[in-house]
Amino acid sequence: MMKNLIAVLTVVFAIIVIWYGAAYMMNKQWTLDQAERAGTTVTTSEVFKDTMAQERPQLPAPHQVITEIWKTTVEKKITSKRSLIYHAGITLSSTSLGFLMGSLLGITLAISIVHSRAMDLSVMPWIIASQTIPILAVAPMIIVVLNAVGISGLVPKAMISMYLSFFPVAVGMVKGLRAPDTMQLDLMKTYRASAWQTLFKLRLPSSMPYLFTSLKIAMAASLVGAIIGELPTGAVAGLGARLLAGSYYGQTIQIWSALISAAVLAAVLVMLIGVLQNVTLKRMGMLR
Amino acid sequence: MSDNSVIHAEKLNLVFQTNDGSVHALKDIDLTINKGDFVSFIGPSGCGKTTFLRVIADLEQPTGGTISVNGMTPQQAREARAYGYVFQASGLYPWRTIAGNIKLPLEIMGYSMEEQNKRVEQVLELVELSGFGKKYPWQLSGGMQQRASIARALSFDADILLMDEPFGALDEIVRDHLNEQLLALWARTEKTIGFVTHSIPEAVYLSTKIVVMSPRPGRIADVIESPLPKERPLEIRDSKEFLEVAARVRDGLRAGHLDD
């Protein structure tokens, strides 16, 4: 335990050191340019101090990002348009809805693929093809088309999340539902079990380890989808909107704090699934 | 074909088509199994003993000849749930308790909750696992797991019990004990049992009829009606009759191999 903690802290420390080093290197030029224009000379320690506190640095230093996150979470009301929690909440809602729809679609597709050879041959190639299309190109079209038929707000963004998240679930669950070996399937046959009985009593329980692994990937994909979905909506709200607004106005600190928030959000969501996975598999006797 | 025949095969053939050409798994099998028989199928791997059991169970389709189970085709018999099948591995679901595993076929066949519980108690007692219903499979030894899987096959009270090397993965001592228990169970339930094994002592100790098979093509080399009494303590394995039957089985197996 102690050993693990030391290893983790060492890695975190190394990342922070590299980050500070990179911030100094990338922001140095601006400081030197400013000094040259003003006709003054600056010492190295002055340059270093300045690179750590610029308003629009090329790469903000870690403490700048942390201060920004603190200011926009703890010190802002949740209802405020400048609160990161407010924006993260918007992203979380479309992520969750998209994740739910994507998982259900993925599981449904997997069940039909496992039970029908025609589905296996006809649908599987399309599922794979769907993921080769760059989502950045499709996202605005989905938003525009759905808007034209009167659907706007949460659903179009969730659709993009669904588009990205159904794939890992479908592929993982096809494998999971096929996990029972011939002997177990033969046994069900000797009982004259129907396809539904085999599905619910054997295939679905056997697929649980595969399901949770797929859900973790799907969750991360959903979050990416939600952020991409927020870009073409005119940058109104959500972490994606914060990213876009930040890049319009050169607010690198804002961009980085939105990025870090998205990463933390993803980590928490994936961890939640991990906890659920441990509890479920332990109760099912599949972790021993 | 007498009135009390349960399984009857005539000129049964099965040819598998594989990438390396065709494999003659069963060739001209003629065999009658009577009600209450304990029939062992013994032979080296590839002799078709498991395949024949699977044909009876409608898990493989013969390519020639006829076979009837309880006077029906194997498919009809399977759909009438005429047999319980025990595989080499217990195949218990880790997410179900022992009782839950035994209930699996009962749930599928639509027994009432009350009936399910009653039958679970009955078959647990039959395999001497009373009181283990609430345990999970991983809490039981290999031998106990296999007994639980026999209980599962007995739970819906089919007349025929088909067993495919059920004790093959267990050690000798556990195996002896389970053989004794199986004989007692057979005496109590009067089921017809088809039993695949590659152990000569096991086949001779258990069976009323021993079918010796040989490979390439899979066929019957010898059928031995056992002269041993129905009551069989473990010591019977040192008796003269036992050793004579064992010698005849060994001769049958050797004759099959000489053809290679």
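Which strands form the open sheet in chain B, and in what order? Keep that in mind as you set up the view.

**Before you start**

This is a predicted model: local features need pLDDT of at least 70, side-chain atom pairs count only at pLDDT 80 or more, and totals for chains, interfaces and linings use all residues. Residues are numbered from 1 along each chain as its sequence is written, while chains are lettered from A and ligands numbered from 1 in the order in which they are written.

**Stop 1: the open sheet of chain B**

Select E1, E2 and E4 of chain B. These 3 strands form an open sheet in the order E2-E1-E4, with antiparallel pairing. Helices (H or I, at least four residues) and strands (E, at least two) are DSSP runs, numbered from the N terminus. Two strands pair if DSSP finds at least two bridges between them. The edges are E2 (21-34) and E4 (64-69) of chain B, each pairing on one side only. From one strand to the next, the twist averages 20°.

Now zoom in on E1 (residues 5-18) of chain B. It is joined to E2(B) by 10 bridges, and the two run antiparallel. Click Thr18(B): its bridge partner in E2(B) is Gly21(B).

Axes are lines fitted to C-alpha atoms, for helices over the stretch in contact, and angles run from 0 to 180 degrees between N-to-C directions. Two residues are in contact if their C-beta atoms, placed from the backbone, lie within 7 Å.

**Stop 2**

Select residues 160-164 of chain B. This is strand E6, and 5 of its 5 residues are buried. A residue is buried if 20 or more other C-beta atoms lie within 10 Å of its own, exposed if 12 or fewer, and partly exposed in between; C-beta atoms are placed from the backbone. Show the side chains. Ile160(B), Leu162(B) and Asp164(B) point one way, Leu161(B) and Met163(B) the other.

Next, show E5 (residues 83-86) of chain B. 4 bridges join E5 to E6(B), and they run parallel. Tyr85(B) has Leu162(B) as its bridge partner.

**Stop 3: the largest core**

Which residues have the most contacts inside the largest nonpolar core? They are Tyr83(B), Ala151(B) and Leu162(B), in a core of 74 residues. A nonpolar core is a set of buried Ala, Val, Leu, Ile, Met, Phe, Trp, Tyr and Cys residues joined through C-beta atoms within 7 Å. Helix H5 (residues 142-154) of chain B gives the most to this core, with 6 residues.

**Stop 4: two helices of chain A**

Switch to helix H1 (residues 2-38) and helix H2 (residues 44-51) of chain A. Their axes come within 8 Å and cross at roughly 110°. H1(A) and H2(A) are therefore roughly perpendicular to each other, a label for angles of 65 to 115 degrees. The contact includes Tyr24(A) of H1(A) and Phe48(A) of H2(A).

**Stop 5: where the chains meet**

Show both chains. 18 residues of chain B are in contact with 16 residues of chain A. On the chain B side, H3(B) gives the most, with 3 residues.

Conventions
Parallel < 35°, antiparallel > 145°, perpendicular 65-115°, else oblique.
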